[in-house]
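Please keep the sequence and the structure in view while reading.

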Amino acid sequence: MSEEKDRELRALQAALAAEHAAVYGYGVVGGRIGEGQRPEAVTAYDAHRARRDALVREVKDLGGRPVAASAGYALPFQVPDAAAAVRLAAELEDRVAGVYADLVRAAGGGRRALAAEALREAAVRAVRWRGESVAFPGLAERAGTAPPSAAPTA
């Protein structure tokens, strides 16, 4: 496999791992979120499941073996109530946006366009959850925040 394809495959695998974590995290969000925001959480959960499934196919198309989901993920903070669930949803979207920014850099053609679309969708969901935007979604180093951990966390 060429170095370029290997880099793209690694970025796809990282995006897949992030989507696994997001699906898990939205399970927690759904259990704590208020009734009024539950439809938005379900929509996000479904979107991440669809992205996860598409990434599995993309990894296989490049000849890779898709990274499996973990049985559980460490949450970045405790989620005892609806307010914490909203913060978790925004954090999940920020982390997903970060890996899609990496995939945009690593991919070309149609995969790059799909990664850019996924980055945009995650950034929009993060704004909806947080109520404000960042200057460069998915690029923590430009937003003045620490980059997301490479470990699969939700």
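How many aromatic pairs does a search of the whole structure find? The search finds two, where rings of Phe, Tyr and Trp (its six-membered ring) pair if their centres lie within 6.5 Å, and where planes under 30 degrees apart count as stacked, over 60 as edge-to-face and the rest as tilted. The model is predicted, and for that reason local features need pLDDT of at least 70 and side-chain atom pairs count only at pLDDT 80 or more, whereas totals for chains, interfaces and linings use all residues. Residues are numbered from 1 along each chain as its sequence is written, and side-chain values use heavy atoms, with hydrogens and water left out.

In one of the pairs, the ring centres of Tyr 24 and Tyr 73 are 5.3 Å apart and the planes stand at 55°, so this pair is tilted. Tyr 24 belongs to helix α1 (residues 3–32) and Tyr 73 to the loop between α2 (38–61) and α3 (82–106), so the pair ties together parts 49 residues apart in sequence; helices here are DSSP runs (H or I, at least four residues), numbered from the N terminus. Tyr 73 is buried at 9% relative accessibility, while Tyr 24, at 32%, is partly exposed; buried means under 20% relative accessible area, exposed over 50%, and partly exposed in between (1.4 Å probe, protein chains only).

The rings of Tyr 26 and Trp 129 have centres 6.5 Å apart and planes at 45°, so that pair is tilted. Tyr 26 in helix α1 and Trp 129 in helix α4 (residues 109–130) are 103 residues apart, and the pair links distant parts of the chain. Both Tyr 26 and Trp 129 are buried.

Turning to charged groups, the count comes to 13 salt bridges, each being a side-chain nitrogen of Lys or Arg within 4 Å of a carboxyl oxygen of Asp or Glu. The table shows some of them.

| Salt bridge | N to O distance |
|---|---|
| Glu 8 and Lys 5 | 3.8 Å |
| Arg 51 and Glu 121 | 2.9 Å |
| Asp 53 and Arg 52 | 3.0 Å |

Glu 8 and Lys 5, by contrast, both lie in helix α1, three residues apart, about one turn of the helix. Glu 8 is buried, with a relative accessible area of 3%, whereas Lys 5 is partly exposed at 32%. Lys 5 and Glu 8 are also linked with Glu 58 and Arg 111 in a network of salt bridges.

Note on methods
Helix = DSSP H or I, 4+ residues; strand = E, 2+ residues; numbered from the N terminus.
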